[in-house]
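Hi,

Here is the structure I promised to pass on. My notes follow below it.

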Amino acid sequence: MEIRELRKKEYEAAIALSWRVFLEYEAPEYSQQGIEAFYRCIHDEEYVRRLKIYGAFERGRLLGVLATRSSGNHIALFFVDGKYHGRGIGRQLFNLAAADNYSGHMTVNSSPYAVEVYHHLGFSDLNCEQVTDGIRFTPMECYGL
């Protein structure tokens with residue numbers, strides 16, 4: 001398994017993986033408004049350009065991505081192909097992003113599906129689930145990276 005920061009030319013594959021996994025695991029729990037808002041977000045070139053995206057590869061195939069913004073202090077995207085859930089890929093992506101984070105603090109607005117994943121990574125809830133523009137999320141934080 002190769003875990004590394006993606007090159008800008010690989011971002012398109014990361015966005016495609018994120019969209020595919022979102023549709024499978026998140027979209028069934030979202031309103032149409034939320035689905036459309038997520039699509040617009042990940043296809044906003046200005047937004048995506050500001051991300052730092054890490055990828056997990058096996059034999060050249062992209063299996064998972066984690067993207068940060070705000071100088072690595074906020075997780076913006078975190079998706080692993082469903083066929084590879086439970087294999088530690090997410091943990092490896094998180095560990096690399098955390099190693100690049102010099103503040104020792106990270107936040108995320110977790111989707112309902114990923115709340116338990118973030119708890120396992122050491123995140124704590126900051127508030128109950130919220131909805132903005134149809135996007136469901138629980139604000140969370142992690143200290144001591």
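A term to begin with: contact means heavy atoms within 4.5 Å. Please keep in mind that this is a predicted model, where local features need pLDDT of at least 70, side-chain atom pairs count only at pLDDT 80 or more, and totals for chains, interfaces and linings use all residues. Residues are numbered from 1 along each chain as its sequence is written, and side-chain values use heavy atoms, with hydrogens and water left out.

Helices (H or I, at least four residues) and strands (E, at least two) are DSSP runs, numbered from the N terminus. Buried means under 20% relative accessible area, exposed over 50%, partly exposed in between (1.4 Å probe, protein chains only).

Let me start with helix H4 (residues 89–99), where Ile89, Gly90, Leu93, Phe94, Ala97 and Ala98 are buried. They sit on the same side of H4, because their arc around the axis is only 165 degrees (the arc is that of the directions from the helix axis to the C-beta atoms). These residues pack against strand E1 (2–5), E2, E3, E4 and strand E5 (105–110).

Leu121 lies in the loop between helix H5 (115–120) and strand E6 (124–125), and is buried at 9% relative accessible area. Setting aside neighbours within four places in sequence, Leu121 is in contact with Phe78, Arg91, Phe94 and Cys142.

Finally, in H1 the buried residues include Tyr11, Leu17 and Phe22, while Glu12 and Glu24 are exposed on the other side.

Best wishes
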